Structure formats: structure tokens, C-alpha cells
Amino acid sequence: MQASNVHKVPGAKLPKAPIKKKDEEEAVDVPDGLDEWSHLKATVKPSNQLELSEAELKEEITRILTANNPHAPQNIVRYSFKERSYKPTSVVDHLAVHFVLEGSLLHKDSDEARRLRIRDGLPNEHAPMENEAESDENHAETPATPVEDGGEGEEAGEEDRPDSVASKPDKKEAKCTNQFNFSERASQTHNNPSRDRSCQTEPPPRITFSVAANQWEIYDAYLKELQKQEKNKEKQKTTLLKKDNNTSKKKMTLMETQSDDITKVGKVSKIIERMINQNAMDDIAQDFKYYEDPSDEYRDQEGTLLPLWTFQYGNARKLSVTALCWNNKYQDLFAVGLGSYNFSKQEGGMFLLYSLKNSAFPECIYSTTFGVQCLDIHPQHSYLVAVGFYDGCVAVYNLKEKEPHPVYKSTAKTGKHTDPVWQVRWQNDDMDNHHIFYSVSSDGRVVSWTLVKNELISTDVIRLSGNGAVSDGPDGAQLSSISHGTSFDFHKQIDNLFLVGTEEGKIHKCSKTYSSQFLETYDAHSMPVDAVKWNHFHTNIFISCSSDWSVKIWDHTINTPMFTFDLNAAVGDVAWSPYSSTVFAAVTADRKVHVFDLSINKHEAICQQTVVAKKKTRLTHIEFNPISPIIIVGDDQGNVTSLKLSPNLRKKPKSKKGQELPKGSEAEVAKMDKLLSLLREPELSTI
Amino acid sequence: MAGTGEGKKEEADYKRLHSFPLIRHTDMPEEMRVETMELCVTACEKFATNNESAAKMIKESMDKKFGSSWHVVIGEGFGLEVTHEVKNLLYMFFGGSLAVCVWKCS
């Protein structure tokens, strides 16, 4: 065993070469012996055959093949209990079985097959010969095989017999089976039973349809259809319009619902609020409508003011009323501007809209970052409110839009005022139907603002200078002395003409067409002019008031005042009555309202009444309602008081000009003219 | 003469006004109805003088589009009583004087 191992090692090193060499040796050897016919043979060489030299070819390589398994381990040791030590075991199995197949059939020429045939008694042409050969060759085996055959041969015989007997004459050859491991089995698979099945679909549903077509029916059908179409068109037109309305409404409602759920009941609650207010202040409402002070009949001339509602709003308490303006369209509605006249106490502002129908709470509240100094509601488009602020801005609010922001606002770019805006006033639309308003400010400018699409366009109408028009000044100093505008008013009929009151106490008569010159300058007051207003009826007359305690009435053609009244306190505001050319009212800082009727008393007020209880309050503004005989008075506590004029304060037109009622305005002019002529005559006489 | 002239004018007016298809009865689904209607209109316009050809065209097209078997009647005056498959019938007027009935029954 060990020797063979030694031999193997070199053999393993050259596994291919020695085999090839052997082949070559054979190939070389053959021609040596069989020289003559070797030429016929062409030596076929594999393409990768090694080219060897003669010496290499001659070299003899010995290789011994042994029956040893090269993979078998040689150093297996086992523990021997007998000797109590590990002993190498020499016995290693060198047999390797690669493939085993036991056949069940026999070769028909083999001895076994022959024997089978003999036993089955099958005559065969070869049989005698084979029998002879068998007897010759395998003498030793013969006795052994019959013994084995006997056991299994019977079984095989039983199985085969019916076949073999039946097929003896027909079949030429029977299968020769190896009796040791041959078995024959048969089975039959199960046949699936077949079945018949049938079905029927439901036929598609059908209906019968019957009709008769003829010309008149066709004609009628078309006529009907045409009529229907026309109707539809009309409907569509109307629905389209409706839809437009609906969409706008929807938008509104959407906005409302988005803002708050409470707004759903907003309208209802508003109505309820008004009802409650009306019930709670029923006496005031009754007074407003029906009460006429009976004592007036016994008084000769004097009248009284009956206080009605007081409008208060909590957040406005610290602000003073800076502007009042009635709405032309809704006569119960008025706007209140709130700000501060105190330079050191500027803290925001707001403007409110109140209705006489609800005195408890404003209809609308717009709060602003700067104090509102003035406002004006457009006389035709009553939803537009122009507002002037303390910081010099002007803005336009659209009351229709429920937003708290102005739709237009001036900026530094668009030429805003640099000082508080003291008055704004709407004017007629320009030729392109753009709305226009004017503003006057302490910076000495009067500016006209045009609302174009979404911006305000400013035009300087006039620059006020201290010494009148620029050209008037003899020296250069006049340029620096700006005169600060505090109020203005436009002439009722002459479109170009307007008056500007200034902080210096002068009133300038200006024209929109001449921006550099004043038509006239009235040396009116010694302190700022708080208000200047044209008479509603007589076109020549205007009134002015000032903090110098005086109210003056002017004819604009004359340089000196027609009337001068001293009210013993700073006059905050003055207003002509809308029903009489001779009646005006003024408010003073000592909480009084003065009502004058020049046709009755040219020297004193026919009514002087303290209308606010609180001591320190100053009255700031006054405004007549255009229709009802009431006035509203604003004070510096943010409150607005409404007062009813007693019959004596408004009786004149009725009593005097009873027959001339249809020509009311002319009568009023005449009345004023009469007064003026009375006034002039003594003057003339004195001269 | 004036009367006939007016009559002609009226007739023309009538033709112009009533040129649109007017569906009188149908149980077809929307899509099919529109398609069939358009087909009928094109066929009647194409064969304005030959109703038979128009009917043939409609029938063949309908057979192709919606499967056989379709039946078409076109005429100015006729009466019919047919059994048809549900949702497969259209009866319409066209051009002011024609009645078209299309139905399927296989």
C-alpha cells in the first residue's frame, strides 16, 4: 500500500502528458512493426498535441495503476480500549461504486434465457445448438441454476402460463424475464364520466312602438318647438340678468359667511336693535316727529332747541368730533369724523356713520391710523366718502364694500398734503365722469383729486402765500411765508369760484382757473378761520367764523363784512340753514349753540342754548339736516347731539312768504337782498 | 300671383326655420342618440331626393356601429307598428317634411 502511494505522487503531477506519450509511443511503435501498409494510414493528430523532441520521446515514463483509492484517508486512528491508546487503522475501503443497475430482462442468447425456454418448453431452432453449447461451456453452473429456478420458476410459470399457452402459436417470441426481480403489474385509470348540459339565454327585451307620420303632424311639431325655443330665449335673458345679480349677492353672502356666523343673523339683529331703540326712546322719536314747542307762540321771537338723541360710541370717547356730514340720499344718515385738534394728543381716529333710527350704535365704523380731520359724502353717489387725515393723506371710502380700508388713498408719490387736511369737498364729475374732490391743508395747497380707476390723481389748484398772490409780493420774503389753509367752500353757482379761509385769519377768493392769483383777499379775522360757507340761497353771501369769537357775513363783492357778531367764545363752526337764507347757526367753545335769523334780529341770536351738560366740553361742529328741522352738534368728547329747532327758529318762510311758497328760493334771495339794502342804506347815508 | 309669391316665400321661410332635426321619441342612451341623429341628418342631406338611399346608408352605418340588425324607415307620411329591442329606437323629424324611424330588432 505504501509503495503504491509513493509511485502515485509523480504520476499526479503530470496527468495529461504521460497518457499522450503513451499514445504516441503506440503510434510510433506501430509503423515499426507494420512498415509496408503504414503509408496508407495518415496519422491523425489532435490539434493541441505537444511537440516533443526525440530525446523526450525516447524517455520512458513508468506509471503504475493501483487499486488504491487516492482519496481514502491514510491516517485514521481509533481508540483501542484493549491497549488503551490510539491505534492507526489499516483497513480503509478502497472500493468506490459509481453505478449499479440490476436488469430484469435477460439476453435471449444467454444461458439463463435458454434454460427458461427449455423449462417453458418452447421449441426453438437455436435451442438444440444452445443446449449443446451450454452443456459444453457451463457444466459447473448447471446443477446450481435449476435449484434456484425451482422456487421462482413456478410463480413465473403460473403468471405466464395462460399467456404463453394462448400465444404459443401466434407470438414468435416471448419476453425473457429475469426471475429474480421481474414483476409485472397492470392497472387501469379511472375514466371521467361525461355529462350533457344545456342552457338558453333570455332574448333581449323588446317593446312595440307604433307611430304614424304625416305632414301635418311634422309641421305642428316644428311649430311647437320653435315657439318653445323663443320662450326659452326670453327666459334665458331674464335668467342671465338674475344670475348676475345672484352671483353678486352670493359673493356678498359668501364674504359674510366667511367672516362670521353671527353675520347670518346680522340683518335681523339690526332690525331688532332698531326696534328696541325705537321702543326704548319712543318719546324722543315722538318729539322728533311731532313735538312743536308750544311756548314759542307766547314768545315773540326767541326759539328753543329741543335735545333729541345723543350719539355716543365708546371707542370714540377720547376723540373729538372733527367733521359732520349728512347723507344726501338717506336723510337719517350722517357721518361723523373723529380725530383730535390737539397737536400733542394725536392717537388715531375713526369715522362713524349714524342713523337717526338707531342712536345706540353706529351703522358703520371705520377706524383709521391717523385722526380724521374732515370728511364729505358725495352728494350724488352717497356711498363715496372722502376723508382727510391729520397726516395729510386724503382717502376715499366706499361704503358699499364691507372692507375697513379705503378704496383710494393718496400717498407721498401722488402728492399728498404735508400737513393736516382741514377740509375736503366733492365737486361735480369731470368730463370723463371721473369723480373729483378738493382738499385744503395747512401746507398752503388746495388740491383737486381725481378718482381714476384705482388711483388718485392730484392737481394743485392753488398755492396760498402769505401776502396774497405770489406776484403781489414786492420782496422775496413772501415765498417763505406760506399761508395755511383751514377751510374752503365752493360757490354754489359759479363753478370756478371758491373761498379759502386761512390760519392767519384771511379769506381768499380764488378761482380754479388762476392758480397764482387771488381774486380777492378779505381781512376777515385775527385768528384762524374755522369755517367759511356760502349761503344756500343768495349767491353773493358767505359766512365765516373764527376762534377770535366772531362770526362775519360777507358779500363777496365787498371787502368789508356785512354783519359781525361777537359770540364771546371761540366759534368752532357755523352753518347756514337749508330752509332760510337768513338763518344760520354757530357753535362756540362754551358749549352753546347760537341760532340767528337776520330777518328777525340783526344783532343778536334768537336762540342761545347750552346743549351739553359737561363743563369742559367744547362744541366743535354743527350741521343742519337738509330736510328735517334738526341740527347735529359735535363736541370734543366724541359725542354728537341732535337738536330739534323750535317753530320760532324756522317759522319765517311760512308766515312771511305764505303766498310765494312755490318760489321759495327766490323769496329767500329777495329776503336777503332786502336785508342787505337796509344795511347799505344807513352806510350810504353815513357816507 | 302675389299670393303664390308670398306662398313661396313662406315656404322658403318654413324650410329655413325647420331645417333642424327634431327628435319625437327615443329611448336610446344619450351618446347613441346624438350619433344616430347626426347620422340621420347627414344621410338625409346627402340623399335629399332619394329616401331609399338615405335609409340604406343609415341602416348600413348603424349595423356597422351598433351591430345588426337595424331597420330604417324614411318618408313623408307613413304609419308603423314595430317591435324593437329596448333602448334601440329613434323617431325624429327632419327638414320640415321628413320623418325618420330607426330601430333595432334582430
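Is A:Glu363 buried or exposed? A:Glu363 counts as buried, at 17% relative accessibility; buried means under 20% relative accessible area, exposed over 50%, and partly exposed in between, with a 1.4 Å probe and protein chains only. This is a predicted model, in which local features need pLDDT of at least 70 and side-chain atom pairs count only at pLDDT 80 or more, while totals for chains, interfaces and linings use all residues. Residues are numbered from 1 along each chain as its sequence is written, chains are lettered from A and ligands numbered from 1 in the order in which they are written, and side-chain values use heavy atoms, with hydrogens and water left out.

A:Glu363 forms a salt bridge with A:Arg274, and the closest N and O atoms are 2.9 Å apart. A salt bridge here is a side-chain nitrogen of Lys or Arg within 4 Å of a carboxyl oxygen of Asp or Glu. The pair links distant parts of the chain, 89 residues apart: A:Glu363 lies in the loop between β7 (349-355) and β8 (364-368) of chain A, and A:Arg274 in helix α9 (residues 266-280) of chain A. Helices (H or I, at least four residues) and strands (E, at least two) are DSSP runs numbered from the N terminus. A:Arg274 is partly exposed, at 26% relative accessibility.

Side chains of opposite charge can pair when their charged atoms come close. Over all chains the count is 16 salt bridges. One of them joins A:Arg115 to A:Glu112, with 3.7 Å between the closest N and O atoms. These two residues are three apart in helix α5 (residues 111-120) of chain A, so about one helical turn separates them. A:Arg115 is buried, with a relative accessible area of 12%. In another salt bridge, the side chains of A:Lys87 and A:Glu83 meet at 2.5 Å, N to O. Here A:Lys87 is partly exposed at 35%, and A:Glu83 is partly exposed at 46%.

Chain A as a whole has twelve helices and 31 strands. Of its 687 residues, 39% count as buried. Among its contacts (heavy atoms within 4.5 Å) between residues at least 6 apart in sequence, 50% join residues at least 24 apart. One strand pair in chain A is β23 (residues 550-555) with β24 (residues 561-566), antiparallel and joined by five bridges; strands pair if DSSP finds at least two bridges between them. A:Ser550 stands opposite A:Asp566 in β24(A), and a hairpin of five residues connects β23(A) to β24(A).

Strand pairing also crosses between the chains. Strand β3 (residues 206-213) of chain A runs antiparallel to β3(B), with eight bridges between them. Within this pairing, B:Leu80 in β3(B) is the bridge partner of A:Val211.

The contact between the chains takes 32 residues from chain B and 21 residues from chain A. Together the chains bury about 2,200 Å², 65% of it on carbon and sulfur atoms; buried area is the accessible area (1.4 Å probe) that two parts lose on being put together, summed over both. Zero salt bridges are counted between chain B and chain A. On the side of chain B that touches chain A, the elements giving two or more residues are α1 (2-17), β1 (22-26), β3 (78-85), β4 (89-94) and β5 (98-104) of chain B. The largest share, eight residues, comes from β3(B).
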